[in-house]
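Please look over the sequence and the structure shown here before reading on. The paragraphs that follow lead through the fold step by step.

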Amino acid sequence: MDINNLKLSEELLTNLYPSVLIQDAFAPSKLAQSPKKTSKNYLGNNSRHILICCRFGQAAFIPDADLEFLTSILGACKLSLGDVAILNLHGKEPAEAAVLIRELLPETVLLFGIHTNEIDLPVRFPMFQRQSLQNRLYLAAPPLEDIKNSKDLKQQLWGALRLIFKI
């Protein structure tokens with residue numbers, strides 16, 4: 001068999017050329033239909049399905065000082081960064097934030113400085129009170145920086161976290 005009469009199977013061609021080489025003007029784009037590879041948009045391993053939502057414009061996830069404070073809170077709850085997912089909602093629209101949250105499949109959601117309407121939830125939660133909604137447990141709290149600078153807010157947060165994580 002010479003090279004001019006070489007026959008390639010459909011499977012082999014698909015493996016050799018995974019994207020379209022020549023686009024038919026009337027055919028739908030296969031590139032547009034291919035699934036997008038998304039980068040990990042949260043910090044942590046999410047092994048215990050605990051989601052921490054916050055908003056920081058100056059950091060990809062959370063500034064170092066706030067991460068250090070949050071890590072100490074997690075340690076007191078017998079948790080680590082491996083147990084949680086930290087999601088920075090800065091610049092996210094409510095619908096986009098809601099999709100990101102659903103994709104992470106959290107059982108517990110801690111909202112630090114995030115109002116429920118910012119994650120497309122139809123209700124408001126009082127600060128430091130556990131709330132169940134859509135098979136998830138929510139806790140709303142002020143921003144981490146405010147908690148870090150207030151003994152009273154720290155005590156309220158600790159009381160709520162003790163109930164949630166049974167410590």
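**From helix and sheet to core**

Helix α4 (residues 94-104) lies across β1, β2 and β5 and runs at about 170° to β2. Helices (H or I, at least four residues) and strands (E, at least two) are DSSP runs numbered from the N terminus. Angles run from 0 to 180 degrees between N-to-C directions, with axes as lines fitted to C-alpha atoms, for helices over the stretch in contact. The model is a predicted one, in which local features need pLDDT of at least 70 and side-chain atom pairs count only at pLDDT 80 or more, while totals for chains, interfaces and linings use all residues. Residues are numbered from 1 along each chain as its sequence is written, and side-chain values use heavy atoms, with hydrogens and water left out.

The strands belong to an open sheet of five, in the order β2-β1-β3-β5-β4, with mixed pairing. The edges are formed by β2 (84-88) and β4, each of which has a single partner strand, so one side of each is left without a neighbour in the sheet. On average, and with direction ignored, neighbouring strands of this sheet are turned by 25° against each other. Two strands count as paired if DSSP finds at least two bridges between them. Strands β4 and β5 pair in the antiparallel sense over three bridges, and Leu-133 has Arg-136 in β5 as its bridge partner. Helix α3 (residues 64-76) also packs on the sheet, where it touches β1 (50-54), β2 and β3, and its direction makes about 150° with that of β2.

What does the largest nonpolar core contain? It has 28 residues, and those with the most contacts inside it are Ile-52, Leu-70, Phe-112, Leu-144, Leu-157 and Leu-161. A nonpolar core is a set of buried Ala, Val, Leu, Ile, Met, Phe, Trp, Tyr and Cys residues joined through side-chain atoms within 4.5 Å. Buried means under 20% relative accessible area, exposed over 50%, and partly exposed in between (1.4 Å probe, protein chains only). At least two residues of this core come from each of β1, α3, β2, β3, β5, α5 (144-148) and α6. The largest share, six residues, is supplied by α6. Leu-144 touches several residues, among them Phe-56, Ile-62, Leu-70 and Phe-112, when residues up to four places away in sequence are not counted; contact means heavy atoms within 4.5 Å.

A second, separate core of 18 residues includes Leu-111, Ile-114, Ile-119 and Phe-125. Phe-125 also takes part in the one aromatic pair found in the whole structure. Its ring and that of Tyr-138 have centres 5.3 Å apart and planes at 40°, so the pair is tilted. Rings of Phe, Tyr and Trp (its six-membered ring) pair if their centres lie within 6.5 Å; planes under 30 degrees apart count as stacked, over 60 as edge-to-face and the rest as tilted. The pair links distant parts of the chain, 13 residues apart: Phe-125 is in the loop between β3 (108-112) and β4 (131-133), and Tyr-138 is in strand β5 (residues 136-141). Both residues are buried.

Leu-153 lies in helix α6 (residues 151-165) and is buried, with a relative accessible area of 17%. Not counting residues up to four places away in sequence, Leu-153 touches Phe-128, Pro-142, Asp-146 and Ile-147.
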